[in-house]
Amino acid sequence: MEYVWSDRDGRTREFFDSRDDAIEALREEEKAQPGITAGWMLLTYDDDGEEVGDPEWAEELLRQETVVSFVTVAEGVGLFVAGPRAESSGSGPSTRHGFRRPLSAAKGTRVLSEAETVAG
Amino acid sequence: MAKKYRALKRKPVSEAVKVYRVVRVESIAVGIDVLAGEFASHRAADCLPSGREQKFPILQDGLSGFRTEVLARRRWRGMRKNATQHDEVEVEKGSFIAELELKPGQDFYIEDLGESGGHLTIWGNPTKLAEAVRRIDPARNAEEEGS
């Protein structure tokens with residue numbers, strides 16, 4: 001497979017053998033020059049050079065990256081908050097096994113308030 | 001670690017070759033001066049340089065073309081999707097495909113990295129490139145016209 005970054009003018013900016021590399025390069029380009037990737041689209045070609053599927057938009061991929069980064073950070077924070085409490089109290093479905101507590105309350109669970117976390 | 005970019009493969013045109021470019025004008029009849037305006041380099045068009053272009057600044061003195069007419073039309077369809085995605089009625093770079101026949105001895109250069117999309121970087125004097133245009137056709141396929 002081949003992954004090609006094309007800008008809005010149809011110009012190939014970069015092309016790659018792996019999608020991960022293409023997205024990593026997108027991050028690097030955007031980090032070096034914020035806004036440069038606006039309107040870029042990721043085109044995918046199979047081994048016969050035929051285009052596969054629809055273009056993916058850089059904006060959308062970067063937005064997904066941001067969400068993933070946020071969730072990753074949030075998960076880290078969740079572990080930090082829920083972990084010690086899980087060991088100390090041993091109660092509640094989300095803390096029983098020391099699992100992270102989601103930032104948005106899942107059905108049947110309750111998100112700890114800051115006061116509870118500090119006091120608990 | 002510094003990112004590695006593909007090596008520059010800029011080569012002089014050593015034998016006659018046909019290349020294709022998306023243009024705004026619909027006919028050669030507009031005249032050489034107008035047509036030459038369709039062959040401004042990326043630098044002249046104020047395009048922001050990507051990482052590879054920063055590493056090889058001469059890329060900014062080139063302009064985009066395609067290896068075949070089919071691939072030029074295919075990329076144009078992507079450009080149209082892009083325009084639609086951004087609520088634009090028209091493809092800014094144009095809706096026509098120009099066929100150019102580049103001959104040796106005209107100070108034309110090409111970089112073809114073998115990308116599946118057929119993208120090329122072409123270097124040349126805009127007037128000479130305009131003179132090399134053999135025909136201009138709508139980028140939209142005949143079957144799309146009917147749809």
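This briefing describes a predicted model with chains A and B. The sheet of chain A has four strands in the order β2-β1-β3-β4. Chain B is built from five helices and seven strands. The contact between the chains draws on 24 residues from chain A and 22 residues from chain B.

**The sheet of chain A**

- The four strands form an open sheet with antiparallel pairing, in the order β2-β1-β3-β4 of chain A.
- The edges of this sheet are β2 and β4 of chain A; each has a single partner strand, so one side of each lacks a neighbour in the sheet.
- From one strand to the next, the twist averages 20 degrees.
- In general, the strands of a sheet pair through backbone hydrogen bonds, and the pairing is either parallel or antiparallel.

**Strand pairs in chain A**

- Four bridges link β1(A) with β2(A) in the antiparallel sense.
- Within this pair, Y3(A) stands opposite F16(A) of β2(A).
- The two strands β1(A) and β2(A) make a hairpin with five residues between them.
- In the turn of that hairpin, G10(A) has a positive phi of about 85 degrees.
- β1(A) is also joined to β3(A), by five bridges, and the two run antiparallel.
- Here the residue of β3(A) that stands opposite Y3(A) is T44(A).
- β3(A) and β4(A) run antiparallel as well and are joined by four bridges.
- M41(A) has W57(A), in β4(A), as its bridge partner.

**Burial of β1(A)**

- Five of the five residues in β1(A) are buried.
- On one side of the strand, E2(A), V4(A) and S6(A) are buried.

**Where the chains meet**

- The side of chain A that touches chain B gets at least two residues from each of β1 (2–6), β2 (12–16), α1 (19–32), β3 (41–45) and β4 (51–57) of chain A.
- Among these elements, β2(A) gives the most, with four residues.
- By class, this side of chain A holds nine nonpolar, six polar and nine charged residues.
- From chain B, helix α3 (residues 69–85) lies across β1, β3 and β4 of chain A.
- The helix α3 of chain B runs at about 35 degrees to β4(A).

**Overall form of chain B**

- Along the sequence, the elements of chain B follow the pattern β-β-α-α-β-α-β-β-β-α-β-α.
- The radius of gyration of chain B is 15 Å, close to the 15 Å given by the globule rule for 147 residues, so chain B is as compact as a globular protein of that length.
- The C-alpha trace of chain B spans about 50 × 40 × 25 Å along its principal axes.
- Of the 147 residues in chain B, 34% are buried.
- When contacts in chain B between residues at least 6 apart in sequence are considered, 75% join residues at least 24 apart.

**Nonpolar cores**

- In soluble globular proteins, nonpolar side chains tend to be buried together.
- The largest nonpolar core has 29 residues, and those that touch the most other members are V19(B), A72(B), W76(B), I97(B), A98(B), L100(B) and V133(B).
- Elements of chain B that each supply at least two residues of this core are β2 (17–23), β3 (63–66), α3, β4 (96–102), β6 (119–123), α4 (126–131) and β7 (133–138).
- β4(B) makes the largest contribution to this core, five residues.
- Leaving out residues up to four places away in sequence, V133(B) touches I28(B), L35(B), A98(B) and L100(B).
- A second, separate core has 13 residues, including I23(A), L26(A), W40(A) and L42(A).

**A loop residue in chain B**

- P49(B) sits in the loop between α1 (32–36) and α2 (51–55) of chain B.
- P49(B) counts as partly exposed because 17 other C-beta atoms lie within 10 Å, while a buried residue would have 20 or more and an exposed one 12 or fewer.
- Apart from neighbours within four places in sequence, P49(B) is in contact with Q54(B) and Q60(B).
- P49(B) and Q60(B) are 11 residues apart in sequence, and their C-alpha atoms are 7.0 Å apart in space.

Conventions
Residues are numbered from 1 along each chain as its sequence is written. Chains are lettered from A and ligands numbered from 1 in the order in which they are written. This is a predicted model: local features need pLDDT of at least 70, side-chain atom pairs count only at pLDDT 80 or more; totals for chains, interfaces and linings use all residues. Two residues are in contact if their C-beta atoms, placed from the backbone, lie within 7 Å. Ala, Val, Leu, Ile, Met, Phe, Trp, Tyr, Cys and Pro count as nonpolar, Asp, Glu, Lys and Arg as charged, and the others, Gly among them, as polar. The radius of gyration is taken over C-alpha atoms; the globule rule is 2.2 Å times the number of residues to the power 0.38. Two strands pair if DSSP finds at least two bridges between them. Axes are lines fitted to C-alpha atoms, for helices over the stretch in contact, and angles run from 0 to 180 degrees between N-to-C directions. A nonpolar core is a set of buried Ala, Val, Leu, Ile, Met, Phe, Trp, Tyr and Cys residues joined through C-beta atoms within 7 Å.
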